Amino acid sequence: FIGALMTLVFGVLNLIVAVIVDVFAESRDKDVFARASELEEEEREQKAVLGQIFKRIDTDGGGSLSYDELLQGACKEAEFLRWLRVMDIDSRDLEQLFAIVDED
């Protein structure tokens, strides 16, 4: 009798643990989706900020940046300089980056 009772108790405990694990797995999946959404929103915001910075350093107002405008902006625009420092981009790297993304 005690053996059957112990089997029943362990069976119920296993069922409870399985439900708890399933709830946490669902919660984690939702959290991953929420984090991905947050990252996408953060990316959109950062692109908007960079767009505003690029508009400010576009001295000729042509809608595109020359290397000289980019370099001058890096020297004059404090916020742009902070972005470059965070990304560990110096003047040589900036020239290489410009060469990579330049369409001309």
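These questions and answers walk through a predicted model of a protein.

Trainee: What pattern does the protein follow along the sequence?
Mentor: Start with the secondary structure. The protein has zero strands and four helices. Read along the sequence, the pattern is α-α-α-α.

Trainee: What radius of gyration does the protein have, against a compact globule of 104 residues?
Mentor: Look at the spans first. The C-alpha trace covers about 90 × 25 × 25 Å along its principal axes. A compact globule of 104 residues would come to near 13 Å, but the protein has a radius of gyration of 27 Å.

Trainee: How far apart in space are Leu-13 and Lys-47?
Mentor: Leu-13 sits in helix H1, which covers residues 2–57. In sequence, Leu-13 and Lys-47 are 34 residues apart. From C-alpha to C-alpha, their distance in space is 51 Å.

Trainee: Is Leu-13 buried, partly exposed or exposed?
Mentor: Use the cut-offs: buried is under 20% relative accessible area, and exposed is over 50%. Leu-13 has 44%, so the residue falls in between. Leu-13 is partly exposed.

Trainee: How are the rings of Phe-54 and Phe-80 arranged?
Mentor: The structure holds two aromatic pairs. In the pair of Phe-54 and Phe-80, the ring centres are 5.8 Å apart and the planes stand at 75 degrees. Planes over 60 degrees apart count as edge-to-face. Therefore this pair is edge-to-face.

Trainee: Which helices does that pair link?
Mentor: The two residues are 26 apart, in distant parts of the chain. Phe-54 is in helix H1, and Phe-80 is in helix H3. The pair links H1 and H3.

Trainee: Is Phe-80 buried or exposed?
Mentor: Phe-54 has 32% relative accessibility and counts as partly exposed. Phe-80 has 4%, and the cut-off for buried is under 20%. So Phe-80 is buried.

Trainee: What is the angle between the planes of Tyr-67 and Phe-98?
Mentor: Tyr-67 and Phe-98 form an aromatic pair with centres 5.7 Å apart. Tyr-67 lies in helix H2 and Phe-98 in helix H4, so the pair ties together parts 31 residues apart in sequence. The pair is tilted, and its angle is 55 degrees.

Trainee: What is phi of Asp-88?
Mentor: Most residues other than glycine have a negative phi. Asp-88 lies in the loop between helix H3 and helix H4. Asp-88 is exposed, with a relative accessible area of 65%. Its phi is positive, near 55 degrees.

Key: Residues are numbered from 1 along each chain as its sequence is written. This is a predicted model: local features need pLDDT of at least 70, side-chain atom pairs count only at pLDDT 80 or more; totals for chains, interfaces and linings use all residues. Side-chain values use heavy atoms; hydrogens and water are left out. Buried means under 20% relative accessible area, exposed over 50%, partly exposed in between (1.4 Å probe, protein chains only). The radius of gyration is taken over C-alpha atoms; the globule rule is 2.2 Å times the number of residues to the power 0.38. Rings of Phe, Tyr and Trp (its six-membered ring) pair if their centres lie within 6.5 Å; planes under 30 degrees apart count as stacked, over 60 as edge-to-face and the rest as tilted.
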